[in-house]
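I wanted to look up a few things here and jot them down as I went.

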Amino acid sequence: MASVLLPLAAGFEEVEAVGLIDVMRRGGIEVRVAYIDESLGHGKVVIGANGIGVKADTAIKNVISDDFDMMVLPGGWDGTYALAEHARVIELVQEFKAKKIIGAMCAAPFVLKKAGVLGNDYTCYPGAKDEIDHPGYRDDLKVVEDGNVLTSQGPGTAVCFGLAIVKKLVGEESMQAVKDGMLLDYC
């Protein structure tokens, strides 16, 4: 079974995180959510930008990249900044780019840029483009694949991004079944 690591930091974009987790799990991917804030304690609930909490499975410090096929970063500026400043997250982003697949959406391509792994072609939330400040921005696609780096635009494209990940990790047939079942004809 394919597996994806999805790290969360306070201020993440809830629609993106939950949309990605849901679509990937429907597609047969094991998704493990990691928290970066050690002060969360036993509850491990990370609070998003709009006050919605998501329970994490493990601490980022316990993650071993070899246990996963891909790492995916949801956006939301507060969460993105926290991920970009976390040394273990940057290390993992670089490991995944070197050997596996890395994905980011909305503001999170900022983390890829900071880690030095953002490719030649990418997309992001239009309002994040200037702060990411990297050549190759594409505004004509919901999802951009550049080698082993996948990016997507924002909250409204989260399920489409999830479908692209299912297709990449599990295959066309599984992706189509999820797409049909969720009525995602617009992806």
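How many aromatic pairs does the structure hold? I found four, bearing in mind that this is a predicted model.

I picked one of them to look at: tryptophan 77 with tyrosine 81, a stacked pair. Their ring centres are 4.8 Å apart, and I noted 25° between the planes. It counts as stacked because the planes are under 30 degrees apart. Both residues belong to helix α2 (residues 77-84), where they sit four residues apart, about one turn of the helix.

Next entry: helix packing. I looked up helix α1 (residues 14-26) against helix α6 (residues 158-169), and got an angle of about 35° with the axes 8 Å apart. I wrote down the crossing of α1 and α6 as right-handed. On the α1 side, I listed Val15, Glu16, Leu20, Val23 and Met24; they meet Ala158, Val159, Phe161, Gly162, Leu163, Ile165 and Val166 of α6. Sorted by class, this contact has 10 nonpolar residues, one polar and one charged.

Last entry: open space. Which residues line the largest pocket? I noted Lys142, Val143, Cys160, Leu163, Ala164, Lys167, Met175, Gln176, Lys179 and Cys187. The volume of this pocket came out at about 180 Å³. Which helix gives the most to the lining? That is α6, with four residues; α6 and α7 (172-181) each supply at least two. By class, I have six nonpolar, one polar and three charged residues in the lining.

Key: Residues numbered from 1 in each chain as written. Predicted model: local features only at pLDDT ≥ 70, side-chain atom pairs only at ≥ 80, totals over all residues. Heavy atoms only, no water. Axes fitted to C-alpha atoms, helices over the stretch in contact; angles between N-to-C directions. Left-handed = near helix turned anticlockwise from the far one by under 90°. Contact = heavy atoms within 4.5 Å. Nonpolar A, V, L, I, M, F, W, Y, C, P; charged D, E, K, R; others polar. 1 Å grid on protein atoms, 1.4 Å probe; cavity = no way out; pocket = protein on both sides within 12 Å on 5 of 7 lines; lining within 4 Å. Points joined across faces, edges and corners; volume = space filled by probe spheres on them. Phe/Tyr/Trp six-rings, centres within 6.5 Å; stacked < 30°, edge-to-face > 60°.
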